[in-house]
Amino acid sequence: MLTNFKKEQEKLTQAYKKLIEYKFVPLQRRKITEKDIEESIKELQEARFIVSFCGQIKAGKSTLLNALLFREEILPAASTPHTAKITIINYAEEPYFEAVYYTEKEWKELKETLEKEKIEEDGVTTTYFDKYLKPQIANSIKHGIFEKQVIGKPKEIIKDLSKLDDYVGAEGKYMPFVKEIHLYWPNEILKQITVVDTPGTNDPNPFRSKITEDWIHKSNAVVYVVYAGQAFSANDIEFIDKYLVGIDPDLLVFAVNKMDMVDKSELEAWINKVKEDETLKARGIMQDDDSVVYVSGLGGLIRKLADSGKLANSSYIQDKEFLLNLDRSGWIANPGLENLERVIEKKIIKSKGEKIIESHKARIRGILIDKILELKSELTILSKTLEAVGKKKFEIQKQIEENKNKLKKLLSERDILADELSKLITKLNKDLLDYINDIRIKSAKAIANEITNLSSWDSVENNTIPIVSRVLHKTFKDILNDLIARESSPIGVMIYKVRDLLTNYEKKYRGNAENLYIAAGIFKKIYDNLVKDLEDFKQSFTDELAEKLETFRLGFLEWIAFWNRDSQIREKKKELIEYLRNNLSEYFIMLHERIIQIINTLISTEVANQIFTAIAEEISAVTQYMENLKNSMTSTRDKEKEIKIKISDIERKLENYNHLACQIMEIMEESCEELKISPGNG
């Protein structure tokens with residue numbers, strides 16, 4: 001520690017307290033509250049130094065930490081984006097970990113967040129909850145773990161680290177309910193620092209990505225792990241520019257991992273080119289020789305396992321050819337870990353006190369600047385609002401008239417669209433009815449012909465249901481092929497007309513024609529619905545027929561004179577055929593109604609509603625805009641007066657906060673010039 005560290009601590013503590021006293025918090029721009037300042041004071045007093053390991057998914061952070069801190073396979077290295085958890089690593093004489101579960105409030109918030117987060121894969125839209133969290137919960141239930149058992153439960157202490165996968169692994173039975181893991185390990189370096197293994201920075205789950213960002217903001221240093229195969233990609237540069245600018249460049253270490261997979265000379269040439277990026281140079285990032293370190297976390301871990309005699313019991317020993325190739329690459333003998341440890345020690349550990357002081361100064365300066373910028377932003381918004389409110393009345397009235405005409409046209413177009421869709425459905429209803437009647441008559445005739453040709457009543461009883469089932473099977477197959485598979489069918493003609501109709505509206509209200517896919521989509525959904533309905537129809541019809549056949553039994557034929565028996569059988573067959581013809585008529589009417597119902601539902605809920613919603617949103621926007629214009633019309637003078645008073649008030653506040661910021665900078669024995677502000681300069 002620096003000799004005057006305690007003195008610096010006291011000055012910064014006083015500066016933090018002034019932030020609260022002078023009401024620099026709460027700060028909206030970065031969501032900083034009085035509680036955050038109190039935590040910063042506590043962190044400063046405890047001299048706690050946080051080092052976050054971050055990077056894109058699959059950059060190899062966990063493997064690298066296994067090599068650096070544990071020297072064996074402790075952290076699961078095969079985590080997927082939707083299973084990764086924050087892991088906070090501290091010192092303890094005996095290893096163990098704590099599983100921290102979500103509280104009931106956090107769990108509810110998590111589910112609500114993921115239920116709103118949409119995911120689109122192969123043209124199908126779902127939610128993050130349904131795609132990932134729901135199957136994970138189902139997996140836990142399969143293992144006998146239910147959310148009521150663990151949500152809100154106090155943290156759980158587990159001494160067997162081999163069970164860590166149960167809490168963070170993809171198939172872990174507790175995994176979906178765990179918020180974070182606190183891991184304790186007897187490594188001397190952990191007496192000085194807290195290491196945080198974060199989920200990947202390109203995690204598609206915004207809830208976990210936010211947790212990673214929060215840790216980076218409260219970290220005193222960051223080791224950013226880069227995948228050598230895609231080193232400093234656009235995502236890396238974007239992340240560095242967005243989230244690491246508040247970290248002192250001297251505290252940033254870029255560990256280029258998985259070097260065993262690339263050509264080092266080519267990669268070094270690329271990274272030297274990246275360092276020349278104007279944005280990185282302007283901010284001092286990656287400009288010193290120690291800022292980039294080349295490592296192989298896997299090579300280092302295998303070496304540590306071999307040195308400790310644990311390699312033979314690891315999963316890596318199974319692929320001897322892989323180990324041989326890795327050894328030939330030289331990244332087992334020299335994995336770069338010692339160099340990384342040296343750089344971390346040089347940049348972070350040896351200068352811990354100085355870096356903690358500087359990071360807190362940077363945090364305080366950032367809050368001062370953000371408060372000034374927050375007020376200036378508010379002033380800019382009010383000035384623009386004043387300009388908008390000050391429009392002349394005739395200009396506002398002109399806009400009102402224009403929007404009245406637009407609203408009238410929107411309402412007319414909505415009614416026209418509804419009428420055209422109704423006509424298409426009505427036309428389909430008639431065409432479909434003609435088709436259904438035709439195929440019903442053919443089916444009834446086919447069944448009648450086959451039953452008429454049966455020679456005995458036993459044959460009638462034994463073969464009627466198979467005949468009906470076979471004819472219906474062929475009939476339904478024809479229905480599916482004719483109605484669904486052919487573009488020239490009544491359904492096909494209607495659907496393509498609907499598509500063409502809605503495409504014009506789609507282009508008009510959304511700027512493109514996304515509905516070109518709807519024909520195939522509706523065909524498939526009609527097919528999927530009808531396959532089951534037709535099968536149920538056939539089963540219901542044959543079940544009812546089986547019951548009917550019981551009433552047609554001719555047991556009495558045994559005592560009828562032989563010369564009357566054939567006549568009796570013919571009569572009974574006619575009666576049976578008439579029954580089948582009548583019942584088929586009823587069932588095919590139901591089938592016609594079902595098809596129309598399916599199409600009506602699909603057209604209204606999955607296609608037309610998209611356009612009606614777009615029109616309704618446009619109507620709502622126009623209506624709201626007209627209301628705003630009318631309000632501006634009637635209250636222009638009052639609003640001008642009110643806004644001018646607010647502007648005057650903020651200008652006074654801005655001048656005052658400039659003075660107060662300078663006072664806080666003086667407490668830290670720094671100049672206001674570093675903030676680019678001065679008293680009275682708003």
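Among contacts in the chain between residues at least 6 apart in sequence, what percentage join residues at least 24 apart? The share is 81%, where contact means heavy atoms within 4.5 Å. This is a predicted model, in which local features need pLDDT of at least 70, side-chain atom pairs count only at pLDDT 80 or more, and totals for chains, interfaces and linings use all residues. Residues are numbered from 1 along each chain as its sequence is written, and side-chain values use heavy atoms, with hydrogens and water left out.

The chain has 20 helices and eleven strands; these are DSSP runs (helices H or I, at least four residues; strands E, at least two), numbered from the N terminus. Of its 682 residues, 46% are buried, that is, under 20% relative accessible area with a 1.4 Å probe and protein chains only.

Helix α4 (residues 104-116) and helix α5 (residues 128-142) have axes that come within 7 Å and cross at roughly 135°. The axes are lines fitted to C-alpha atoms over the stretch in contact, with angles from 0 to 180 degrees between N-to-C directions. On the α4 side, Trp107, Leu110, Lys111, Leu114 and Glu115 meet Tyr128, Phe129, Leu133 and Ile137 of α5.

Helix α12 (residues 297-307) is mostly covered, with eight of its eleven residues buried. Those buried include Leu298, Leu301, Ile302, Lys304 and Leu305. Just after α12, Gly309 takes a positive phi of about 75°.

Methods: Buried < 20%, exposed > 50% of the residue type's maximum accessible area, 1.4 Å probe, protein only.
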